[in-house]
Amino acid sequence: MGNLFAVAEQFKPQGRVIDVREFGNGNINNTFLATLDTKGEKHFILQRINTRVFRRPELVISNMRISTEHIRQRLQRVPLSAGRRWEVPGVLLAQDGRDFWLDSDGSFWRAISFIEGSQSFDTIKDIDHASEVGYALGMFHTLLSDLPPDRLSDTLKGFHITPLYLQHYEDVLAKYNVGKSPEVNYCLQFIGERNAWAHVLENARAQGRLRLRPIHGDPKVNNIMIDTATGQAISIVDLDTVKPGLVHYDIGDCLRSGCNPLGEETEQWEKVQFDPDLCKAILQGYLSMAREFLTGNDFFYIYDSIRLIAFELGLRFFTDYLEGNVYFKVRHPEHNLARALVQFKLTQSIESQETAICNIIREIR
Ligand code: GN1
Ligand code: MG
């Protein structure tokens with residue numbers, strides 16, 4: 001991957017780069033934390049964008065700049081509630097003044113400021129953490145609620161459009177021989193039984209019941225930064241998928257990630273459960289910010305969005321497994337199958353608790 005120090009030198013805001021190490025566990029891009037020998041801001045994030053997924057990486061950066069600039073201006077106009085802070089990750093410039101750098105292999109690199117004094121977790125620790133995760137998503141949607149979505153480019157065509165993932169799945173099934181095993185059969189059947197329903201959000205959009213807004217696209221638990229001193233959420237990072245979409249994709253993604261205490265990488269897929277108490281806390285945190293701009297139709301589709309995004313992620317992992325792991329990074333050949341089973345089991349648990357989840361939504365509305 002070339003010399004990481006040389007790449008980091010391209011973006012360092014000041015001082016000397018003394019360390020570069022892998023950071024987080026992203027499934028698409030390669031992420032590193034660079035450390036400087038300075039007294040003030042000591043770290044920054046360095047990323048190699050996967051250009052097989054993000055075909056126009058310069059638009060990814062431009063969406064990030066447009067959205068963070070909007071958020072900064074809005075934060076100046078509308079003060080936060082007392083005792084709260086909110087940090088916005090910034091794009092760092094390379095030595096030549098551009099916001100990316102191409103290395104000699106043609107890899108596309110960019111750098112982002114690091115939110116000092118914060119950390120993130122792969123799973124939710126407790127109810128307070130859950131409510132902070134929900135708050136962060138509500139805060140993010142609120143801050144962007146007055147940015148016209150068409151100011152943002154569509155950087156990933158088809159992202160979270162479930163019918164298109166289904167179409168791709170059918171194409172892959174037609175093209176490859178699928179080795180049958182009990183797990184594969186379970187997935188095939190699971191998808192088959194939910195084919196028609198999986199159009200629910202896109203149908204609602206086509207009927208004008210839901211409308212496009214600026215969304216985050218990937219608000220899973222470990223993208224929400226928690227202040228190490230106060231335990232409060234202070235930022236949401238990984239802005240690669242900020243683009244026009246339905247806020248329901250974000251609500252569903254946040255809940256499928258936050259309410260699965262075993263985490264999306266667990267090997268005990270049969271034990272995966274959706275936790276309704278965490279769901280309630282996340283939604284309460286979210287609505288404390290978002291209630292004002294949500295419509296009656298928005299509320300109506302919240303349950304479907306939770307069920308759908310868990311199902312959709314399972315479908316995406318399973319399709320990638322069948323296709324030979326061409327999209328998500330894997331540690332072993334069956335990794336995407338294992339991930340799919342986790343999401344399908346989670347979907348099943350959501351379905352079995354439909355009444356309880358709908359009651360929670362009604363209660364806290
Ligand atoms: C991918 O790379 P990462 O971890 O930020 C994926 C998300 C999935 C997530 C599941 C662009 O995100 O949609 O929810 O994996 N991002 C893209 O962990 O496909
Ligand atoms: Mg991401």
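**Terms first.** I take helices (H or I, at least four residues) and strands (E, at least two) as DSSP runs, numbered from the N terminus. This is a predicted model, where local features need pLDDT of at least 70, side-chain atom pairs count only at pLDDT 80 or more, and totals for chains, interfaces and linings use all residues. Residues are numbered from 1 along each chain as its sequence is written, chains are lettered from A and ligands numbered from 1 in the order written, and side-chain values use heavy atoms, with hydrogens and water left out.

**Entry: second largest pocket.** I looked up the pockets on a 1 Å grid over the protein atoms alone; a pocket is an open set of points with protein on both sides within 12 Å along at least five of seven lines, and a lining residue has an atom within 4 Å of a point. Volume is the space filled by probe spheres set on the points, which are joined across faces, edges and corners. The second largest pocket comes to about 630 Å³. I find 23 residues in its lining, with Val 53, Leu 156, Lys 157, Tyr 165 and Tyr 327 nearest the centre. Helices α4 (162-175) and α10 each give at least two lining residues. The largest share, 4 residues, is from α10. I sorted the lining by class: Ala, Val, Leu, Ile, Met, Phe, Trp, Tyr, Cys and Pro are nonpolar, Asp, Glu, Lys and Arg are charged, and the others, Gly among them, are polar. That gives 10 nonpolar, 5 polar and 8 charged residues.

**Entry: Gly 158.** I placed Gly 158 in the loop between α3 and α4. Contact means heavy atoms within 4.5 Å. Leaving aside neighbours within four places in sequence, Gly 158 touches Leu 164 and Tyr 165. Gly 158 is buried, at 17% relative accessible area. My cut-offs are under 20% for buried, over 50% for exposed and in between for partly exposed (1.4 Å probe, protein chains only).

Entry: The largest pocket holds about 910 Å³. I list 46 lining residues; Gly 26, Asp 218, Lys 220, Asn 223 and Asp 238 lie nearest its centre. Two or more lining residues each come from β3, β6, β7 (118-119), α7 (247-258) and α10 (302-323). The classes run to 20 nonpolar, 16 polar and 10 charged.

Asp 218 sits in the loop between β8 (213-215) and β9 (224-227), and Asp 238 in the loop between β10 (233-236) and β11, so the pair ties together parts 20 residues apart in sequence. Asp 218 is buried at 17% relative accessibility. Asp 238 is partly exposed at 26%.

**Entry: helix α2.** Helix α2 (residues 57-77) has 21 residues and reaches 31 Å from first C-alpha to last, close to the expected 30 Å. The expected span is 1.5 Å times one less than the number of residues. Its buried residues include Ile 61, Met 64, Ile 71 and Leu 75. The buried residues of α2 pack against β3 (43-49), β4 (91-92), β6 (108-113), α3 (127-144) and β11 (243-245).

Key
1 Å grid on protein atoms, 1.4 Å probe; cavity = no way out; pocket = protein on both sides within 12 Å on 5 of 7 lines; lining within 4 Å.
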